[in-house]
Amino acid sequence: FLSENAIMVKSNSIKTGEAICGVCALKRLSSRKSFPSTAEISLTSAIPKNEFELLRQFDLDPQLLYKENRNKDYLKKNQIPLELKEIEEITNNQILKRAKLKDSDLPKYYALIMYDGDNMGKLLSGAELKEDVNLQNFHQKLAGSLSANAKESSKIVDQAGKTVYAGGDDFLGFCTLEKLLPTLKELKETFDRQVNQKLLHFLKPSSEITMSAGVVIAHYKTPLHIVLNWARKMEQESKDRAGKNSVTLAVLKHSGDIKKVTWHWGETIDKIQDILGHLRLNKFSTNFIYTLDEEFRKLDYEADESYDQQFDSELKRLIKRSGIDKNSKNEELIDQLHKACLDLEAKVKNREDYFSLMRIIAFLYRESGGEK
């Protein structure tokens with residue numbers, strides 16, 4: 001069904017008028033098919049991986065699966081020699097039809113995860129070690145543990161996206177929005193098992209080996225250098241603002257709105273997933289999150305002893321009012337969601353962070369298939 005123009009797409013790795021060095025050209029030509037684009041990462045939770053092979057046969061970016069990009073201007077700008085009707089045949093009439101998806105079903109956001117170990121300088125200097133520990137022996141054990149952790153971390157993220165690099169105590173990788181929270185939890189558990197637990201007997205009683213992460217959720221069209229800069233800033237903020245052993249998550253919406261929050265590792269991810277789980281039962285809308293934020297964010301709660309009681313009762317009232325089935329008042333589900341929201345509040349730094357995190361939860365729910 002494709003014209004002879006299709007064979008020309010293969011040579012479209014470098015665009016007319018584009019000036020790049022020999023090294024960059026080599027990287028472009030060698031990695032074009034091996035490393036997924038941000039659009040492909042975003043789409044992976046909705047589109048079977050084998051479907052991307054059809055796009056790769058014609059050197060087409062997965063961005064063309066989005067209706068907004070299937071137009072003559074996009075084809076001209078990216079020097080794609082196929083006709084628009086040929087693009088439609090590949091994307092809409094084949095891939096999306098087989099996956100039983102509409103354009104509105106397609107996820108447009110992905111996550112970038114960056115983490116590294118805390119206090120590595122002190123560890124390497126021996127400042128955190130017991131007096132009788134041989135420093136050279138500890139260095140060897142640390143290097144082996146970090147290497148094992150890097151390998152396992154790569155496997156974890158490659159199941160949900162793509163690892164960019166994993167070496168020493170540093171890690172960078174892409175992840176689908178759908179699997180972000182369980183992936184973060186697994187990365188932390190792996191680091192604790194492979195590094196902290198294995199080396200704990202070398203350390204002083206009050207010491208442990210921890211990691212801090214910066215996570216950015218971004219639209220697939222957001223320039224990657226901006227996302228990378230935010231990931232670095234968020235990782236540093238986890239160390240500076242929260243005293244390390246923490247996560248800072250930023251959401252860069254395509255509209256320009258930015259939300260971010262910091263929390264310590266622990267049960268926080270479980271609490272977030274608990275709230276998302278209740279929302280995915282389709283018994284409640286996320287309206288209660290926005291109304292609660294509007295009502296309480298600006299109040300001087302530290303100076304008002306009755307704030308907690310007011311917050312508690314209003315949260316429950318709004319959850320009840322947000323019930324989708326107005327004819328069914330399931331008090332048990334209302335109580336469970338109410339408790340989950342209160343439990344999460346106890347895990348974050350302050351109420352401002354709590355409101356930001358609740359809005360991020362509403363965003364995650366919406367962008368991973370919840371209410372539009």
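Biologist: Is Asp270 buried, partly exposed or exposed?
Modeller: Partly exposed, since its relative accessibility is 31%. Keep in mind that this is a predicted model.

Biologist: Which residue does Asp270 form a salt bridge with?
Modeller: With Lys185; the closest N and O atoms are 2.7 Å apart. The two come from distant parts of the chain: Asp270 belongs to helix H10 (residues 268-279) and Lys185 to helix H8, 85 residues apart. Lys185 is partly exposed too, with a relative accessible area of 30%.

Biologist: How many salt bridges does the structure hold?
Modeller: It holds 23 salt bridges. One of them joins the side chains of Lys221 and Glu68, at 3.5 Å from N to O. That pair also links distant parts of the chain, 153 residues apart. Lys221 is in the loop between E4 and helix H9 (224-240), while Glu68 is in the loop between helix H3 (49-57) and helix H4 (72-77).

Biologist: What are the relative accessible areas of Lys221 and Glu68?
Modeller: Lys221 has 38% and Glu68 has 33%. Lys221 therefore counts as partly exposed, and Glu68 is partly exposed as well.

Biologist: What about Arg317, which residue does its side chain meet in a salt bridge?
Modeller: Glu314, with 2.8 Å from N to O. Both residues are in helix H12 (residues 307-321), and because they are 3 residues apart, about one helical turn separates them.

Biologist: Is Glu314 buried or exposed?
Modeller: Glu314 is buried, with a relative accessible area of 14%; the cut-off for buried is under 20%.

Biologist: Which residues are linked in a network of salt bridges?
Modeller: Glu40, Glu53 and Arg56 are linked that way.

Biologist: Changing topic. How many strands does the open sheet have, and in what order?
Modeller: There are 6 strands, in the order E2-E3-E1-E4-E5-E6, and the pairing is mixed. Strand E2 (161-167) and strand E6 (258-264) are the edge strands, each pairing on one side only. From one strand to the next, the twist averages 10°.

Biologist: In what sense do E4 and E5 pair, parallel or antiparallel?
Modeller: Parallel, over 6 bridges, with strand E5 covering residues 246-252. As an example, Gly214 has Thr248 in E5 as its bridge partner.

Biologist: On to the rings. How many aromatic pairs does the count come to?
Modeller: The count comes to 11 aromatic pairs. One of them is Tyr115 with Phe191, which is edge-to-face at 6.3 Å centre to centre, with 85° between the planes. This pair links strand E1 (residues 109-117), which holds Tyr115, to helix H8 (residues 180-199), which holds Phe191; the two residues are 76 apart.

Biologist: Are Tyr115 and Phe191 buried or exposed?
Modeller: Tyr115 is buried, at 2% relative accessibility. Phe191 is buried as well, at 0%.

Biologist: Why is the pair of Phe138 and Phe202 called edge-to-face?
Modeller: Because the planes of Phe138 and Phe202 are at 70°, and over 60 degrees counts as edge-to-face. The ring centres of Phe138 and Phe202 are 5.5 Å apart. Phe138 lies in helix H7 (residues 135-158) and Phe202 in the loop between H8 and strand E4 (211-219), so the pair ties together parts 64 residues apart in sequence. As for burial, Phe138 is at 0% relative accessibility and counts as buried. Phe202, at 10%, counts as buried too.

Biologist: Which residues form the aromatic cluster?
Modeller: Phe296, Phe311, Tyr354 and Phe355 form one cluster.

Biologist: What lies over the face of Phe311?
Modeller: Arg351 does, at 4.2 Å from the ring centre. Elsewhere, Lys233 lies over the face of Trp230, at 4.1 Å from the ring centre.

Conventions
Residues are numbered from 1 along each chain as its sequence is written. This is a predicted model: local features need pLDDT of at least 70, side-chain atom pairs count only at pLDDT 80 or more; totals for chains, interfaces and linings use all residues. Side-chain values use heavy atoms; hydrogens and water are left out. Rings of Phe, Tyr and Trp (its six-membered ring) pair if their centres lie within 6.5 Å; planes under 30 degrees apart count as stacked, over 60 as edge-to-face and the rest as tilted. Helices (H or I, at least four residues) and strands (E, at least two) are DSSP runs, numbered from the N terminus. Buried means under 20% relative accessible area, exposed over 50%, partly exposed in between (1.4 Å probe, protein chains only). A charge sits over a ring if NZ of Lys or CZ of Arg is within 6 Å of the ring centre and within 35 degrees of the ring normal. Two strands pair if DSSP finds at least two bridges between them. Axes are lines fitted to C-alpha atoms, for helices over the stretch in contact, and angles run from 0 to 180 degrees between N-to-C directions. A salt bridge is a side-chain nitrogen of Lys or Arg within 4 Å of a carboxyl oxygen of Asp or Glu.
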